[in-house]
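Here is a set of questions and answers on a two-chain model. Have the sequence and the structure open as you read.

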Amino acid sequence: MGVGNQIEELRERGLEGIQHNFMTARLESLVKWSRARSCWPATFGLACCAIEMMATGAAHYDLARYGMEVFRASPRQADLMIVAGRVSQKMAPVLRQIYDQMMEPKWVISMGVCASSGGMFNNYAIVQGVDQVVPVDVYAPGCPPGPETLMHAIFTLHQEILSGELLARRAAGESGGAGITVQQIDGQTATATIRREHD
Amino acid sequence: MTLQTAMSTTGVAPSGADRVSRREPSAVLRMSEAEAAEIGGDPDDPGDDELVLLNMGPSHPSTHGVLRLMLELSGETVLRSKPVIGYLHTGMEKTGENLTYLQGGTNVTRMDYASPLFNELAFSLATERLLGIEVPERATWIRMLMCELNRVSSHLLFMATNGMDLGAVSMMIYGWREREEVLRFFEKVTGLRMNHNYIRPGGVAADLPADWRTDVARLIELIEPRLEEYDTLLTGQPIWRERLQGVGVISVAEALALGATGPILRGAGMAWDLRRDEPYLFYDQVDFDVIVGTHGDCYDRYAIRLNEIRESLRIVAQIIEAMPSGDYRVQDKKVTPPPRSRIDASMEALIHHFKIFTEGFKVPPGEAYAAVESPRGELGVYLVSDGTSVPYRVHVRAPSFINLQTLPHLMQNGLIADGVAIISSVDPIMGEVDR
Amino acid sequence: MTERYGAPVGDGRPSRGQAVIHPSPSQWLDVAAAARADGFDQLVDLTAVDYLTYGADRSLPEGVQPERFEVVASLMSHARLERLRMRVQVSADDPALPTLFDLWPGSESLEREVYDMFGIAFEGHPDLSRILMPEDWPGNPLRKDYDSGRIPVQFKAASNVR
């Protein structure tokens, strides 16, 4: 029996003819829902935060409850990059490359103060906030953020995905991220190099 | 010689290829291992054109953080390898030159983030050596208690990641499960799960909570039988042994020459443990064994760490008995802030408190080196003071950084799949490697 | 004892009683070889200090000419449970030393780190290249005339003494 016949039957007999349960929804909401519920993170552990990120995935905190236990080794299979730890000038180009390899729509959580703002390491080696390299959607504070904080960040991201707010903002803005540009002291930072390479 | 060329060789070739040529193409799948080896050529003698350069990392799930390896391969065999590091370089030694001795702990604790308390301990011991102060007995015992528990949690982390790297994923879940229990105690004592800044020059940041004995006893009770479970799950298991035994072998002489310490040196057969051989804190007053391997392979390093958890628990049990009452930090007005209760009552105390935390305390000029046995080997801090409240130079002798030098040696002529086991068994923490 | 392996022995006071010797750069390799032959079987640590802005007295033994850089190597004799520190003065004009690689191959990474962070070259090192910083990085971060911060922090607590 083809789809056409089913629709025909539906017209004739109404809902009474249907033998199974069904739901109706707007396609957009359905897409948002499925995006939020199968958010696979890329393994991008850098420093201390990575240990807490792994702890979040382990038995006690069990990220599997939210369909997120599959940390993908390949960026091609991941939707979410959790930047867990301090991003060094040497790592920044690698990070950007991995981000570029991820499929749209993709999200970034900046986990911990080092990734968010450089943290206590305001020095030559550390990128002062990963939002200079990739657009960040949610910042998780803490040094390192406990698993609860990371889970809260993830829930926040889920809500943002469900609301569609992020994608709308991303479409409006040029860079899509926080849009912060920070003047460097000597102008010879790796951040500048990254922009050159990827623009 | 690849399989493809072997199969197309005609009957005039020598015996190995000769046999192959008389089979149908698909018959190669039914060859015995010996036959396959015969046509596969000698892995020790590859032709130049068959070498493959492979880049592994810096973002690779089995490299424990941001380690990058350049591998020169002949087929599956690793001929040479070179670790490329610096992807987590944090400039901590430079930052340390801008932080006072009191703040320094927050800096160094983030190096080896699997065993943060050891970093703080080494830094504090070096500072105290420069200051020439003695910390109270109770503070020393507290330091020992916390460090041994940290060794347990660090080795549990190793068990988890080692299991994960070799495909024993259930071990990963178990390792994290037990580690979480230790972290819960740490959180209760220090307020943080990691990066505690608990051990400070002059003592520790706070006294143990009132019911710490119950908590620690419970920890021992909980973890000890679980170690038996690990034995059942891994130690005697044929697959586990097959993957680890005889893989990544190093001798004592090689380990010494390459500067390796900790489980790598002990695994090779040298009973060297700073806790016993150069006792610091009160390690000369507790009874424990130094675990030594015989083969210097990955299996020995695994077994050493597993048994070191047992020894640490043994030490912890003795600390419960030995813990004296007393002060948890030195009562030296220059170094120690006044107690909280006095700050509310006395203006001088408030000023004193403020001065210590903003300006810090002055340390007499000189240089000193202090070393402790961290879960990864000798962790040393070299401090140079110029008489101000900020160290002139902070250098950390990071065991992971130096142990990583053994990696090319361990991986040579092994299979690339064994490389994962070897990286895992060296147990490098990249935060400490790159600092 | 004022000399060991031909190098002046440091005053124990500034080093808090730890054994220190001060070989000259020309002695460096010979002293290291003598120590190696004498049972110091492991090079535990090797680092450098830039004394450019050092305010206090260096307290070097007599006859040792203070220079801007100092390379510090810690040795360990496992048989005797003994540690020894070698401090060598390296001039800023020609920051170079012979490598210890042939005596202790474990000096490989450590010397590369000092080269990266201080710009001190180790002659004869098999692979003298930057180890922690990117290859094209300008400057040597741990030198005292290299700025620590990248971004000025507006809010600051009481300024440091230095």
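This is a predicted model, in which local features need pLDDT of at least 70, side-chain atom pairs count only at pLDDT 80 or more, and totals for chains, interfaces and linings use all residues. Residues are numbered from 1 along each chain as its sequence is written, chains are lettered from A and ligands numbered from 1 in the order in which they are written, and side-chain values use heavy atoms, with hydrogens and water left out.

Q: What area is buried between chain A and chain B?
A: The size of an interface is often given as the accessible area lost when the parts come together. Buried area is that loss with a 1.4 Å probe, summed over both parts. Carbon and sulfur atoms give 67% of it here. The total is about 2800 Å².

Q: Which three residues supply more than any other three of the area that chain A buries against chain B?
A: Together the three supply 20% of the area on the chain A side. They are Ile51(A), His60(A) and Arg86(A).

Q: Which side chains meet in a salt bridge between chain A and chain B?
A: Side chains of opposite charge can pair when their charged atoms come close. A salt bridge is a side-chain nitrogen of Lys or Arg within 4 Å of a carboxyl oxygen of Asp or Glu. The count between the two chains is one. At 2.6 Å, N to O, the partners are Arg193(B) and Glu52(A).

Q: Where is Lys32(A), and is Lys32(A) buried or exposed?
A: Lys32(A) is found in helix H2 (residues 27-37) of chain A. Leaving aside neighbours within four places in sequence, Lys32(A) is in contact with Ile161(A), Leu162(A), Ser163(A) and Gly164(A). Buried means under 20% relative accessible area, exposed over 50%, and partly exposed in between (1.4 Å probe, protein chains only). At 19%, Lys32(A) is buried.

Q: How many residues of strand S7 of chain B are buried?
A: S7(B) spans residues 377-385. This strand is mostly covered. The count is nine of its nine residues.

Q: Over how many bridges do S6(B) and S7(B) pair?
A: Two strands pair if DSSP finds at least two bridges between them. S6(B), residues 366-374, forms a hairpin with S7(B), with two residues between them. In one of the bridges, Ala368(B) has Leu383(B) as partner. The pairing is antiparallel, over nine bridges.

Q: Which residue in S8(B) is the bridge partner of Gly380(B)?
A: S7(B) and strand S8 (residues 393-397) of chain B run antiparallel. Five bridges join them. The partner of Gly380(B) is Arg397(B).

Q: How many residues apart are Arg376(B) and Asp112(B)?
A: The two form a salt bridge, the closest N and O atoms being 3.0 Å apart. Arg376(B) is buried at 2% relative accessibility, and Asp112(B) is buried at 0%. Arg376(B) lies in the loop between S6 and S7 of chain B, and Asp112(B) in the loop between helix H5 (101-108) and helix H6 (116-131) of chain B.

Q: What share of chain A counts as buried?
A: Chain A has eight helices and four strands. The chain has 199 residues. The buried share is 47%.

Methods
Buried area = accessible area lost by both parts, 1.4 Å probe. Contact = heavy atoms within 4.5 Å.
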